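Subject: Handover of a structure

Hello,

Please find the structure below. My notes on it follow.

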Amino acid sequence: MTDRYGIPTGAVQIAPSILSASFAELGRDIAAVERGGADLIHIDVMDGHFVPNITIGQPVVRAIKRIATCPLDVHLMIEEPDRYVDDFVNAGANMLSVHVEVAPHLNRTIALIKSRGVKAGAVLNPSTPVSALEEIILELDFVLVMSVNPGFGGQVFIPESLNKVRRVREALTRAGSSAQIEIDGGIDAANVADVVGAGASILVAGNAIFATPDPEAATRALRATVDLVARV
Ligand code: DX5
Ligand code: ZN
């Protein structure tokens with residue numbers, strides 16, 4: 001089954017974050033997670049201003065687009081995201097998310113992303129309240145809840161994020177929205193049951209997949225855990 005953007009909508013989707021992949025072997029690593037059952041490829045774009053780290057930009061996304069078979073889920077951790085929406089859409093993003101902390105005109109930003117035929121998401125930092133979404137919630141295709149402070153892979157899951165996912169789920173239900181909840185940061189086999197139970201249906205995983213000797217097997221194992229949880 002696919003949604004109106006042509007993106008597969010399994011009950012729970014796995015989005016390996018290439019931040020923890022080998023940047024010299026991106027093609028190899030992306031092919032491995034796709035064989036392992038990845039649903040999306042999560043790409044972390046960082047500008048060294050909004051977050052301390054600098055990662056990759058539009059040319060690399062374009063190169064990934066040529067080899068990836070999964071849709072690209074591009075997470076913008078950059079200031080002034082409006083300036084770069086078209087660049088990342090043209091590079092091949094299928095989903096584009098912006099942080100509410102750096103989007104003073106979020107309504108316009110989300111409308112711009114959607115007008116380009118791309119799925120639009122708003123991201124909440126751990127310290128940003130769910131209420132920040134109140135006036136925009138019906139416009140969103142997905143909400144990304146950060147379960148670590150953005151900037152780096154391999155950080156520890158912040159336990160309070162579980163309650164946050166529940167509160168986002170309640171807010172979406174109250175508003176009559178069918179938007180998905182994505183969770184990003186410190187996700188591994190030990191907490192997937194909790195995050196899925198709380199209402200998340202897109203799981204980003206970086207270290208849990210790429211900091212292992214076999215990313216294909218790690219994706220398959222995470223997929224199996226998720227399928228077990230989703231069936232209960
Ligand atoms: C953090 C990024 C994440 C990161 C997740 O700023 O947004 O996507 O790659 O990595 P893990 O799963 O290792 O926490
Ligand atoms: Zn991310």
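I start with ligand 1: one of its oxygen atoms has a backbone N or O atom of asparagine 207 at 2.9 Å. This falls under the term polar contact, which is a pair of N or O atoms within 3.5 Å; within protein, one must be able to donate a hydrogen and the other to accept it, and residues adjacent in sequence count only if both atoms are side-chain atoms. Taken alone, ligand 1 exposes 380 Å², of which the protein buries 99%. Such areas are from the Shrake-Rupley method with a 1.4 Å probe, and for residues only the protein chains shown count as cover.

Before going further, some conventions. This is a predicted model, in which local features need pLDDT of at least 70 and side-chain atom pairs count only at pLDDT 80 or more, while totals for chains, interfaces and linings use all residues. Residues are numbered from 1 along each chain as its sequence is written, chains are lettered from A and ligands numbered from 1 in the order in which they are written, and side-chain values use heavy atoms, with hydrogens and water left out.

Ligand 1

A polar backbone atom of glycine 186 is 2.8 Å from an oxygen atom of ligand 1, and an N or O atom in the side chain of histidine 42 is 3.3 Å from an oxygen atom of ligand 1.

There are 20 residues around ligand 1, and those that come nearest are Ser17, Gly151, Gly154, Asp184 and Gly206. A residue belongs here if one of its heavy atoms lies within 4 Å of the molecule. By class, the shell divides into eight nonpolar, 10 polar and two charged residues. In this scheme Ala, Val, Leu, Ile, Met, Phe, Trp, Tyr, Cys and Pro count as nonpolar, Asp, Glu, Lys and Arg as charged, and the others, Gly among them, as polar.

Which elements give two or more residues to the shell around ligand 1? They are β2 (41–46), β3 (72–77) and β8 (202–205), and β2 gives the most, with three residues. Helices (H or I, at least four residues) and strands (E, at least two) are DSSP runs, numbered from the N terminus.

Zinc site

Ligand 2 is a zinc ion, and its protein donors are His42 (NE2), Asp44 (OD), His75 (ND1) and Asp184 (OD), at 2.0 to 2.3 Å. Donors are N, O and S atoms within 2.8 Å of the metal (3.2 Å for Na, K and Ca); water is not among the atoms, so sites may look incomplete. The donor residues follow the spacing H-x1-D-x30-H-x108-D in sequence.

The zinc site is octahedral, with angles of 71 to 170 degrees among its six donor atoms.

Histidine 42 counts as buried because its relative accessible area is 0%, and aspartate 44 is buried at 5%. The cut-offs are under 20% for buried, over 50% for exposed, and partly exposed in between (1.4 Å probe, protein chains only). Histidine 75 sits in strand β3 and is buried as well, at 0% relative accessibility. Its side chain makes polar contacts with the side chain of histidine 42 (3.4 Å) and with that of histidine 99 (3.0 Å).

Other residues

Methionine 77 is also in strand β3 and is buried, with a relative accessible area of 1%. Its C-alpha lies 6.6 Å from that of valine 51, 26 residues away in sequence.

Glutamate 80, in the loop between β3 and α3 (85–91), has a positive phi of about 45 degrees although it is not a glycine. Most residues other than glycine have a negative phi. Glutamate 80 counts as partly exposed because its relative accessibility is 49%.

Asparagine 207 lies in helix α7 (residues 207–210) and is partly exposed at 37%. Isoleucine 54, in the loop between β2 and α2 (58–67), is exposed at 61%; its C-alpha is 9.8 Å from that of phenylalanine 152, 98 residues apart in sequence. Glycine 197 belongs to helix α6 (residues 192–198) and is exposed, with a relative accessible area of 67%.

Regards

Conventions: Tetrahedral: all angles 85-135°; square planar, octahedral: opposite > 155°, others 65-115°.
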